[in-house]
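This report describes one protein model. The sequence and the structure come first, and the description follows.

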Amino acid sequence: MIFNKDTARKTAEVLLQINAIKLSPKKPFTWASGWKSPIYCDNRIILSFPTIRNYIRETMSHQIEKQYGKPDVIAGVATGAIGIGMLVAEYMGLPFIYVRPEAKVHGRQNQIEGFIEKGQNVVVVEDLISTGKSSLNAVMALKEEKINVKGMIAIFTYGFDVATENFKKENIDLCTLSDYKSLLEQALATNYISENELRTLSEWNSKPSEWNIK
């Protein structure tokens with residue numbers, strides 16, 4: 001769920017401004033999964049814009065404390081959320097760790113990088129939620145180490161039903177600064193897209209794995 005509509009619209013606005021999110025209904029992108037998509041999101045671009053990264057880190061930090069209280073540690077999901085997670089931890093004056101997709105095959109064979117103790121409370125920071133699979137993989141890694149995951153906060157979610165189901169199944173609370181619905185509202189209000197393009201973008205979101213440009 002989003003925290004509130006004003007934050008969601010403002011976040012969508014800045015992501016569009018810096019092309020962290022690109023909407024291209026006439027020339028869709030191809031994701032690694034093979035899906036054709038009229039949207040591409042790369043929130044790592046945020047790190048290159050000081051004013052906007054400060055807005056994201058401060059908004060995230062305030063919402064974390066409001067939603068979950070102040071945790072013991074902030075965790076970022078590698079690799080996309082390491083940067084923003086570190087900024088949030090710094091702003092909140094908290095330790096930071098990050099979680100790899102899988103354990104290293106060399107050295108100490110860590111999946112969790114950084115120092116955290118069993119029983120400590122952590123909030124996980126993510127940059128983008130699609131199906132939720134990789135995000136929940138990080139959560140499971142933390143839980144296996146007996147770490148208490150209070151919840152997850154992300155910058156943006158596509159709002160896929162499969163993600164909602166996956167988070168519900170694992171009983172993990174997810175909150176986001178913005179979502180696909182808010183993005184389309186903002187894009188239409190600022191004439192970034194037309195009414196016809198809005199229909200195309202809405203159709204994609206309802207069945208992304210089956211969608212193809214007509």
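Serine 135 is part of helix H4; helices (H or I, at least four residues) and strands (E, at least two) are DSSP runs, numbered from the N terminus. The model is predicted, so local features need pLDDT of at least 70 and side-chain atom pairs count only at pLDDT 80 or more, while totals for chains, interfaces and linings use all residues. Residues are numbered from 1 along each chain as its sequence is written, and side-chain values use heavy atoms, with hydrogens and water left out.

With a relative accessible area of 1%, serine 135 is buried. Buried means under 20% relative accessible area, exposed means over 50%, and partly exposed lies in between (1.4 Å probe, protein chains only). Beyond its neighbours within four places in sequence, serine 135 is in contact with Glu126, Leu128, Ile129, Met152 and Phe167, where contact means heavy atoms within 4.5 Å. Isoleucine 2 is 133 residues from serine 135 along the chain, and their C-alpha atoms are separated by 17 Å.

## Overall fold and dimensions

The protein has 7 helices and 10 strands. Its radius of gyration is 17 Å, close to the 17 Å given by the globule rule for 214 residues, so the protein is as compact as a globular protein of that length. This radius is taken over C-alpha atoms, and the rule is 2.2 Å times the number of residues to the power 0.38. Along the principal axes, the C-alpha atoms fill a box of roughly 50 × 35 × 30 Å.

Of the contacts in the protein with a separation of 6 or more, 65% are between residues 24 or more positions apart.

## Surface and charge

The accessible surface of the protein is about 11000 Å², and carbon and sulfur atoms hold 47% of this area. Accessible areas come from the Shrake-Rupley method with a 1.4 Å probe; for residues, only the protein chains shown count as cover.

There are 26 positive and 24 negative side chains, and the centres of the two sets lie 3 Å apart. Lys and Arg count as positive and Asp and Glu as negative, with His and the chain ends not counted. The place of a charge is NZ of Lys, CZ of Arg, CG of Asp or CD of Glu.

## Nonpolar core

Buried residues make up 48% of the 214 residues. In soluble globular proteins, nonpolar side chains tend to be buried together. Here the largest nonpolar core has 68 residues, and those with the most contacts inside it are Ile74, Leu142, Phe156 and Tyr158. Such a core is a set of buried Ala, Val, Leu, Ile, Met, Phe, Trp, Tyr and Cys residues joined through side-chain atoms within 4.5 Å.

Not counting residues up to four places away in sequence, tyrosine 158 touches Trp31, Ile39, Tyr40, Cys41, Leu128, Ile129, Ser130, Tyr180, Trp204 and Asn205. Leu128 and Ile129 are also among the contacts of serine 135.

## Helix H2

Arginine 57 is found in helix H2, residues 50-68, and serine 61 lies in helix H2 as well. Arginine 57 counts as buried at 18% relative accessibility, and serine 61 counts as buried at 2%.

Leaving aside neighbours within four places in sequence, arginine 57 contacts Ile84, Leu87, Val88 and Tyr91. With the same exclusion, serine 61 contacts Val88, Tyr91 and Met92. Arginine 57 and glycine 83 are 26 residues apart in sequence and 10 Å apart in space, C-alpha to C-alpha. The C-alpha atoms of serine 61 and asparagine 212, 151 residues apart along the chain, are separated by 38 Å.

## Loops and backbone geometry

The peptide bond from alanine 78 to threonine 79 is cis, with omega near -5°. Threonine 79 sits in the loop between strand S5 (73-77) and helix H3 (82-92).

Asparagine 19 is not a glycine but has a positive phi of about 65°. It is placed in the loop between helix H1 (5-17) and strand S1 (21-23), and is partly exposed at 37% relative accessible area. Lysine 146, also not a glycine, has a positive phi of about 65°. Lysine 146 lies in the loop between helix H4 (133-144) and strand S9 (148-157) and counts as exposed at 57% relative accessibility. Aspartate 42, in the loop between strand S4 (39-41) and H2, counts as partly exposed at 21%. The C-alpha atoms of aspartate 42 and isoleucine 21 are separated by 6.4 Å, with the two residues 21 apart along the chain.
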